[in-house]
Amino acid sequence: VQLVESGGGLVQAGGSLRLSCAASGQTFSSYTMGWFRQAPGKEREFVSAISYSGLSTYYADSMEGRFTISRDNAKDTLYLQMHALKPEDTGVYYCASHLGRVGTIGPMFKKEFMYTYWGQGTQVTVSS
């Protein structure tokens, strides 16, 4: 199983980015997917998760309203659309997968141990 993130880069505060996570070696539609991020000098934190169908989503409080998670099962790809970016959004963004067709995503998916496979991450830098 391989997860490859892309779409990171340098953006000014208030700008937007869309991250992608391409999955291979797994039946993508059978997996619950999540995004995490790690800021310099900080622990990795949960950003968002999405059910296998895409119908259920869950966000960290600080991201809800600015970030939108989505997936295209036909393309085996997960997305994270980010708007109104702030310097504190700077960090490495990781996608991760959890084997299981969960219907409703809840707080448990904020935990890293729920995810089996992880990508290498893509750097997002937001300048002030």
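**Close-up A. One disulfide turns up when the whole structure is searched.** The term covers a pair of cysteine sulfur atoms within 2.5 Å. Here the partners are Cys21 and Cys95, with an S to S distance of 2.0 Å. Cys21 belongs to strand 3 (residues 17–24) and Cys95 to strand 9, so this bond links distant parts of the chain, 74 residues apart. Strands are DSSP runs (E, at least two residues) numbered from the N terminus; helices would be runs of H or I, at least four residues. The S-S torsion of this pair is about 60 degrees, so the disulfide is right-handed. Cys21 is buried at 0% relative accessible area, and Cys95 is buried at 0% too. Buried here is under 20% relative accessible area, exposed is over 50%, and partly exposed is in between (1.4 Å probe, protein chains only).

**About the model.** This is a predicted model, in which local features need pLDDT of at least 70 and side-chain atom pairs count only at pLDDT 80 or more, while totals for chains, interfaces and linings use all residues. Residues are numbered from 1 along each chain as its sequence is written, and side-chain values use heavy atoms, with hydrogens and water left out.

**Close-up B. Arg37 and Glu45 pair up through their side chains in a salt bridge.** That label needs a side-chain nitrogen of Lys or Arg within 4 Å of a carboxyl oxygen of Asp or Glu, and the whole structure has four such bridges. For this pair, N to O comes out at 2.7 Å. Arg37 is buried, with 6% relative accessible area, whereas Glu45 is partly exposed at 34%.

**Close-up C. Asp89 and Arg66 form a salt bridge, with N to O at 2.7 Å.** This one links distant parts of the chain, 23 residues apart: Asp89 is in the loop between strand 8 (77–82) and strand 9, and Arg66 in the loop between strand 6 (57–59) and strand 7 (67–72). Asp89 is buried, at 0% relative accessible area, and Arg66 also counts as buried, at 11%.

**Close-up D. Arg44 meets Glu112 in a salt bridge, N to O 3.0 Å.** Arg44 sits in the loop between strand 4 (31–38) and strand 5 (45–50), and Glu112 in the loop between strand 9 (91–99) and strand 10 (117–118), so the pair ties together parts that are 68 residues apart in sequence. Arg44 is partly exposed at 26% relative accessibility; Glu112 is partly exposed as well, at 32%.
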